[in-house]
Each structure stands twice: as C-alpha cells, then as structure tokens.
Amino acid sequence: MKNKAVLMGAVLSVGSVGAILGGCSETTAKSGGLNPQSVADSIHAVLESDRTVYTKFVVNRLVKEEKVIKASEHWKDDKALPLPAQMFRMGAEAVAEKNAGFSYSLLSLWPINKQNEPKTEAEKSGLKFIAENPGQNFYTEEELGGKKYYTAVYPDMAIAPACVECHNDHKDTPKSDFKIGDVMGGVVIRLPMS
Amino acid sequence: MASSKAKVWAMWIAMTIFAATYLGYAMAGKHQALYLPGATTDGHYQIELKCEQCHGGGFEGGAALQKACVRCHGDELAAVEDSHPRKKFTDPRNAERVSKLDATLCVTCHSEHRPRHTRAMGVTLADDFCVFCHADIEEDRKSHKDFGFEGCAAAGCHNFHDNEALYEDFLVKHGGDPDLLESPRVPARDFGEFNRRVHPDQAIPLLAAASDAPSSAAERKIVDDWAKSAHADGGINCSGCHSKTETDRTWVGKPGLDVCARCHEAEQTGFRAGKHGMRLAAELEPMSPVLARLPMKADVKDQPMGCETCHGGHRYDTARAAVDACLGCHDDDHSREYKKSPHFELPAEAAVTCATCHLPRLAHKQDGERRVLVQHNQNFNLRPNEKMIRTVCMNCHGLRFAIDALADPALIANNFRGKPSKHVGSIDMAIARELSGEKDKDRKERRNEEGS
C-alpha cells in the first residue's frame, strides 16, 4: 500500500513528488490499484511530454528558428541553453536527490558519453528490443544490489532537427547517420518492488 | 584472608571510579584528545576536539557523518559542477560499482583519523582508484593506453570532483592562449559601487569632523584612520559599527565579528569556512599561528584570527590585508619568496598580491544580483590547485601555462620566479584528438554524398 502510494505520487508530478506522498493514499485506494507498468507508463508520459515541450518550443524554436541563442553541452560556460538530453538528466538527478522512490535515466546503444551505454542485462536487452521493434516498449524485472526493480524501457526518438544534427556531428558519437524519427536511445524507468 | 579480599575489592572499586571519573572528565573537558583514534587531516585538525562537528551529538553514525561533510563542503562541490556527485551513484544501475567503491559516501575515499593512509587532499584510497570504474578507458582514448591509473589525478589532468578547468572541450578552446594574455586583468570589486546604488541617500562620504563617536572614544588617530577608510567614504559613521544592533544605537566599545557580518555576510561566511575562521565557526577559540601546521612566525604565535587581524581596526586597509598581513604570520618558502616574485614586481595598479590568488575576487550572487566580492575562504581554490586556474590564473595567463605552472612544485615554492619546468600533456592530447579528424572525415564524405 505504501509502495503504491509512493508510485502514485510519482505519477501525479515528477517535480513535486515529495509534497504529494503524504496525502495520496486515499486516492490510490479509490483508483482500484495500479500495476507497476501503468505507473511507469504514466511517469514516462510526463517525462516525454516535458522534454518534447522543451525540445520543440524552447531549444528548437530559439536556436534553429529564431536563432537568438545557442544550446550547448557546456551551457554554463557558453551562457547557452542546456541541451534537451541534459535537461532530462538534470531532472533525473534532481529526482535522485529527493529520494523520490523511483529513478530514471536516458541511455543509448550509441551514447556520446560512454557512461550512458546499457550496463545491466535488462538495459541491454531492453535497448536492443526497442531499437528492433519500433513503437514498442520493453518491461521486465531485475535485481540490482540485492534489491528487486520493475524496469521499463521506452524508445527515445529523434523528434527535432537539433537532436539529429547535434548527435551526428558530435566528435564522441559512435553513430553519425541518425534521421528524424529514428530510435536514438531509450528511457529506463525503475520502480523498486517490495 | 577475608580482609585482604575486601581490600582488593575496595581498591578495584576505587580504581574503577577514578578511571570512570577521569574518562568522563576527559570527554567533557579539555582532555578530549584522549579519545582521538588517530591524528586528523590538515583540513580537520583545527576542529578535531569538537567531535560532534562531524559525528553529531550522540555519535549518530554514518548518516550524521555524511550530513556533516555536506554541511561544510556541499555548496562548494555543487558550485564546481562536481564530476562525481552522490546523486549519480544512488541510481540502482550503478549498484555494482557502488558495491566496489561506495561513492555515495564521502568517507569511502576521505576517511579521517588515519594519518598513515592519508594522501593529498585527505584521500585515504590508493592513488589508482579510478580503475574501479574506468578500467576500459583506452577503448575511448587510445592516447591513454600506456598510462597507469595512479596518474589520472596526480599528473594534473583530472580531478575526481572539480574539472571545470580540465574538461576536454575547455582544453581545446583555451589551449592556444599565450602564456601571458594581451590584457591581463584582475576583476574589480564592486562593494562600494553596489552600496552607493542600493543606499544612495546614506552612502555619502563623511569627513573626520562628521564623526559621531562620543568624545570619550573619539581619539584623534582613530578618527583620522576611519576618515581615510572605505567606511567613511561609503557613509558608514562610527556608530555604524559601534552600536548594539542596527536599530539599538547604544555604543559598543569593542564590536565583535557579528557586527562586520551585518554588511559583509558573504565575506564572513567565506572566512568561517576556511582555515582562518573554521574554529570560530565551530565555536572554538579563534585560530592563531601557534595552532598552525604550516611554518609561521614565532613572534605572532598567539595572535588570534578575526577580521581586524588582517584588516586592522578603523583604517581597514585592504592593501595591507592583501600582503603584509599575510606575511606577518606566514613563514613558508612560498610566502618568503613572494617579494622576489614577478607578481610582486608589477606596478601597484596591476598588483598581484597574496590575496589576488588566495582570496580571489569572484562573482557572487546576492539579492538577485551578480557582484564581485572577495572570497575570504583561503582554502576555496587551494586544493587541488587546478581550482586556481579559472578562479585566478586565467585572468592573466593562458591555460597551458597555468596548468604547467601549477604542476611544478619547485616553481610554486619559489613563488613563480621563472618558467614551468613541467609539462602536462592534457592540452596536447585534447587538441590532437580534435585534429585527428577521423570522424570529421567520415562526416564530410557522407555530406558530400548526400549533396551530390
């Protein structure tokens, strides 16, 4: 029950998870119970939507269309916008700092930073599956550090020219022929299982 | 027989009571050192007898320790974009790594009370700790093929936490800068300007005659000193400091440090975070040279450290605070060589003082504005010394020169008299990788094909 409450809180708002935890057990009871897949799907819907908004209406609009500011990997030094993938990771790290009860990451079979390549067995098979089966998600369970997790992997698509150009042109990229609509990587969401 | 047994018991009980009393007294009084399991690091020895500073009130265990580390060092790490923050390692996908090296806890690498295992920067791991996670580095960086893992941090190329001046793209961007920049420039402080802008009605220069000190306190010399100070220039009268609070103007003969903090809060926060003020922050007697581990001058051994120790009362002479105050106590090679160094020989308006490097002028966010204030934590950019590159060196020097100079202990000891005799290869490697152009070549070919 407590676990469900935690997960429900996570669904309602990634940003304000902590605030919601206290008062949501009643809501969960009325909802008739949530399975981990629907919780993960809901978290993903929030993550994906927020990032799409940032990518299309902030970065792509201001950088590519209006040409008023740059987006840069070194955004602080360059007084520029953080890249969408960085914005996403900063969110993941902020959630980690809150001990929000779940975690997520952005990984790829073709990562610019090698630390973001799949590491666990679930990540490896998940990223392979979503690359080979466009439009489908991957769900599994895994044990890490003695704890069990429900792990969901969602395809991360190239939605704007900025995604493709930046990845194709980056000196550390292992793949230089991404096109709009390609699966570039995957979002991995982990929920602890009691 | 029975009586001798009773005597032994009586003696035993008496000794137990004595030992318990002494140990109890030691814990509560001035003999806490008895409980130290080993000498502490240079960073913590000043406060080592305030056990609760790190261990919490009732020796609360690991969580309290971690909290204490973050309390003093957390902001600093966040400000330099820590390359290995805790939040990266709490992700379950790093569980296997954490099982080898628990990077979620500071004490995994910085264990206290272990003098025989303590290395530079208070690290208590063997120097090759990077291998735990980066054993396959040569797959990504062929240039690193023959490097030993003990050299990652020791060679001046990488730091575990602060790589702000060492990351690859930064090396490429600034690798070609000349040893001495065309227009070397130390940032200007803007406290006075800020004060005049925020308090235009109060920040009106005052002359000696305007002194509002009671006649019993208004000695001629003191009033003259004040009249020449930035305080008088900024409209701060005697009662500005010599009053109980900002609203209760009752005269106070000897204002404490809290009075300075009324206007100089950021400066004092820095001071209390560094070696000069950390004992005050821990509510101990102030630091004095006799307590220092660095060589100090014996004639000032009992001089307590406060704002006025360096700034002097009433005159608040920042030029004195920037050199002579330091050299009044510090007696190590680097300090003694300063007045023979090229930095000292510069004309006054371009002076590079002790403070220029060790108490640097830095951008600081306050009241929603960006201001340039003096960072009064002299440890802020001291260790590892690459932290100085961006905060100080690059105001005047190129990145390549700065990295090399800071990697040369002899040059540091003689206070930068001469050229670096060491050369760190990081910039060369970064530029070579940038220019190798294999990926660029592929990309150009692909584009040409697409274009045709």
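Predicted model: local features only at pLDDT ≥ 70, side-chain atom pairs only at ≥ 80, totals over all residues.

1. Make-up of chain A. Seven helices and four strands are found in chain A. Read from the N terminus, the order of elements is α-α-α-α-α-β-α-β-β-α-β. Of the 194 residues in chain A, 32% are buried. Taking contacts in chain A between residues at least 6 apart in sequence, 56% join residues at least 24 apart.

2. Make-up of chain B. Chain B contains 27 helices and two strands. Its C-alpha trace spans about 95 × 90 × 40 Å along the principal axes. Buried residues account for 21% of the 452 residues in chain B. Contacts in chain B with a separation of 6 or more come in 56% of cases from residues 24 or more positions apart.

3. The sheet of chain A. The four strands make an open sheet, ordered S1-S4-S3-S2, with antiparallel pairing. Strand S1 (103-107) and strand S2 (138-144) of chain A are the edge strands; each has a single partner strand, so one side of each has no neighbour in the sheet. From one strand to the next, the twist averages 25°.

4. Pairing within the sheet. Strand S3 (residues 147-157) and strand S4 (residues 183-192) of chain A run antiparallel and are joined by nine bridges. Across this pair, Thr151(A) is opposite Arg190(A), and Asp156(A) is opposite Gly185(A). S1(A) also pairs with S4(A) in the antiparallel sense, over five bridges. There, Ser105(A) stands opposite Val188(A). As background, strands of a sheet pair through backbone hydrogen bonds, either parallel or antiparallel.

5. Cover on S4. How many of the 10 residues of S4(A) are buried? Nine of them are, and the strand is mostly covered. The buried residues of H7(A) pack against S4 of chain A.

6. The buried face of H7. In H7(A) the buried residues are Cys163(A), Cys166(A) and His167(A). Viewed down the axis of H7(A), these buried residues fall within an arc of 95°, so they line one face of the helix.

7. Neighbours within four places in sequence aside, Ala40(A) is in contact with Tyr150(A), Ala152(A), Ile189(A) and Leu191(A). In general terms, nonpolar side chains tend to be buried together in soluble globular proteins.

8. Contact between the chains. 19 residues of chain A are in contact with 15 residues of chain B. On the side of chain A that touches chain B, H5, S1 and S3 of chain A each supply at least two residues. The largest share of that side comes from H5(A), with three residues. What is the make-up by class of the side of chain A that touches chain B? That side has three nonpolar, six polar and 10 charged residues.

9. Asn35. Asn35(A) sits in the loop between helix H3 (25-31) and H4 of chain A. Is Asn35(A) buried or exposed? Asn35(A) is exposed, because 11 other C-beta atoms lie within 10 Å, and a residue counts as exposed at 12 or fewer.

Definitions and conventions
Residues numbered from 1 in each chain as written. Chains lettered and ligands numbered in written order. Pairing = 2+ DSSP bridges. Axes fitted to C-alpha atoms, helices over the stretch in contact; angles between N-to-C directions. Buried ≥ 20, exposed ≤ 12 C-beta atoms within 10 Å, placed from the backbone. Contact = placed C-beta atoms within 7 Å. Nonpolar A, V, L, I, M, F, W, Y, C, P; charged D, E, K, R; others polar. Arc of directions from axis to C-beta.
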